[in-house]
Amino acid sequence: MAKNRFGLLRSAHIVFQKDIHLEFRTRYSINAILMFAITTLTAISFSIGPMNLRSEVLSPLLWILLFFSSMSGLSHIFVREEEQQTADTLRLVTSPASVFLGKWFFNIVLLFGLEVIIVPLFLAMMGAGVEGIWIFLLILFIGSIGLASVATIIAAIISQASAKGALFAVVSFPISLPILISGIHGTRLAMDGVQFSDCLSDLQVLISFSIVIVTLSLLLFEFIWRK
Amino acid sequence: MFILKVFNILESDKLNGVHMFEIHADQIAQKFNQRIIFRDISFKIKSGHSLVFLGPNGSGKTTLVRVICQLIRPTKGKVRFFRNDEEIKQDQIYPFLGLVGPYLQLYNSLTALENYEFFAKIRRQPVDVNHFKKLMGRMGLAGREMDELRTYSSGMLHRVKYVMALIHQPEILILDEPTSNLDEKGAEIVYEIMEEQRRSKILIVATNEPEEIKFGEEQIRLAS
Amino acid sequence: MNLNRNWWKYILGLWMTLVIVGAFLYAPPAKGLGETARILFFHVPTAWLATIAFLISAIYSILYLRTQDLKHDVWASSAAQIGLIFSILATVTGSIWASKIWHSFWNWDPRETSIFILLLIYAAYFALRSAIEVDEQKARLSAVYSIIAFVTVPFFIFIIPRIYDSLHPDPLINAQGKIKMDGRMQLVFFNSLAAFTLLFYWMLRIKVDAVMLKLSGKEETL
């Protein structure tokens, strides 16, 4: 059993490595997601940047920016396999669980990579100060994992449908809302610099929701993956 | 202590020796948009034997192949795999299967070598560049190892698929339209591979070419 | 014969009439909320059935994934459709009440937000279904989505209104586990709940039978 689980993680790692390799060769997702984020950020900053906004406005803006940027790039991981007809090849060589874990991890890394660039840029361009920087980072960290989890399982579903691009945001949005609502609320509190205990309920929602979604995804992914 | 050793030798002997693989298909049926593609397909095949699926276009040859490879789950029935009479669990069948078909593509923006590395690793095979070069040479692709697959012609792509399907010397080799897209020389190499495979392992072919039907000891004819 | 099989439908008609009359004439106005509280006899049952419909849809989705029998998909999608109608009704009745008591049709109270999100989820469910061509694939993928969506629902209904303050009156079962209604209100309320549930069942059966009829014309049986 223990050996089996180790094998699963190893396969997931190999799938992840392959996707990173492919991504560096084509740079499709990185380009799409980063350019989308920068364009949106420019539009926001350009139109309302000089207004010296409060955290009630900045925090939702940041999360809307992150959500729609993820929607522009995180589905590619499955859409690419289906469109280039490599999905069947992948189905043939490894288990559904290792495919899901590998691609989930890829999306997390991609989203973190985006945030490392876009969040400091956002704070600088909007002139926003963050009082509780550690709480802010913690909420962003867990929120991103949750967002990437929802995006990965929904991407797997919509990669087999038509009109994938539009459908991805439509179908992901309601499922991502617990993350967005708690993330926005927690980020606002962190920007205002409150005690850790005040953000606890938001963190609880973020953590429990992420755990539920990932568990459910592992249970259900086989039904999506095997036609 | 001594008895234990003898037992171990017997065990390892069995493991190092020739394995007997077996596929049982039991009453499989498949529906697509509520239309029946095929029904009541049952067969058993053992190592050292071969099987051919025949039938006109649209009769469900490809669907049947995909069901056997577990790419789609059948609407009814079951496909089971055995090694030395012991059933192989669904998530442990991958190292034993090899499939070549027109709908299975490789990663076009990776080179042949990079594709090889991925497929070898994911099937738990040691990455052995010499072995890979030998296979590439056999398929008439020597010297193209470092080129990205998107620079290959369609015939060459078909040949690379054989390389990737054969790296782990699969106990079960399934070929869907084995020689479509191949020239005469390519077809000859493929016939050689089929001949080798059916001698001691399992070979399943879906085709309508008279040349290839000969490779199947038994036939399953699908009606449209 | 026909009359015999449908006797309960006539009873239901009579029952619903009594509930409506009772809601306006028999039950007393609630303390603090006045006459507007009468909407609870219609608003709460619709919200309750919207949730029940999504539970049914999720259960049949699980059954579909286990059996691959398209009949289960018919139940799942029909329940979602009727559930969508009931959640629209709950939203509209809630909004009308809000306009009287909060002087605004919509102000993103957590409970308004929750029911609106529920609407979004099931609109997305039907958007997904319409984008998939093959029936079996449609059933399979939408079943997975339905299950994921259903698991998301408790987060909205229970967690979010508890984190953020709400002006909404206590739900039916409140923290103290007591029902704050007098006897006559209770009588009308539970009758209404039961009658609405029966009405829901009737609507669901009509929908399911209609889709099954279409299905059996196309389907080839194994």
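## Model and numbering

The structure is a predicted model, in which local features need pLDDT of at least 70 and side-chain atom pairs count only at pLDDT 80 or more, while totals for chains, interfaces and linings use all residues. Residues are numbered from 1 along each chain as its sequence is written, and chains are lettered from A and ligands numbered from 1 in the order in which they are written.

## Chain A

Chain A has nine helices and zero strands. The pattern along the sequence of chain A is α-α-α-α-α-α-α-α-α.

The C-alpha trace of chain A spans about 55 × 35 × 25 Å along its principal axes.

Of the 227 residues in chain A, 52% are buried. A residue is buried if 20 or more other C-beta atoms lie within 10 Å of its own, exposed if 12 or fewer, and partly exposed in between, with C-beta atoms placed from the backbone. Among contacts in chain A with a separation of 6 or more, 86% are between residues 24 or more positions apart. Two residues are in contact if their C-beta atoms, placed from the backbone, lie within 7 Å.

## The largest nonpolar core

In soluble globular proteins, nonpolar side chains tend to be buried together. A nonpolar core is a set of buried Ala, Val, Leu, Ile, Met, Phe, Trp, Tyr and Cys residues joined through C-beta atoms within 7 Å. The largest one holds 180 residues, and A:I154, A:A155, C:L128 and C:V144 touch the most other members. Helix 7 of chain A (residues 133-158) gives the largest share of this core, 16 residues.

Leaving out residues up to four places away in sequence, A:I154 touches A:F168, A:V171, A:S172 and A:I175.

Between chains A and C, 24 residues of chain A are in contact with 24 residues of chain C. On the side of chain A that touches chain C, helix 7, helix 8 (164-192) and helix 9 (200-225) each supply at least two residues. Helix 8 of chain A has the largest share, nine residues. By class, this side of chain A has 20 nonpolar, three polar and one charged residues. Ala, Val, Leu, Ile, Met, Phe, Trp, Tyr, Cys and Pro count as nonpolar, Asp, Glu, Lys and Arg as charged, and the others, Gly among them, as polar.

The contact between chains A and B takes 19 residues from chain A and 23 residues from chain B. Helix 1 (2-26) and helix 5 (87-93) of chain A are the elements that give two or more residues to the side of chain A that touches chain B. Helix 1 of chain A gives the most, seven residues. The residues on this side of chain A are four nonpolar, nine polar and six charged.

## Chain B

Chain B has seven helices and nine strands. Its radius of gyration is 19 Å, close to the 17 Å from the globule rule for 224 residues, so chain B is as compact as a globular protein of that length. Its C-alpha atoms fill a box of roughly 60 × 45 × 30 Å along the principal axes. Of the 224 residues of chain B, 38% count as buried.

Strand 7 of chain B pairs in the parallel sense with strand 6 over four bridges and with strand 8 (residues 202-206) over five bridges. Two strands pair if DSSP finds at least two bridges between them. B:I172 is the bridge partner of B:L97, and B:L175 stands opposite B:V205 in strand 8.

Buried residues of helix 5 of chain B include B:M156, B:V160 and B:V163. The buried residues of this helix pack against elements of chain B including strand 6 (97-100) and strand 7 (172-176).

Key
Rg over C-alpha atoms; globule rule 2.2 N^0.38 Å.
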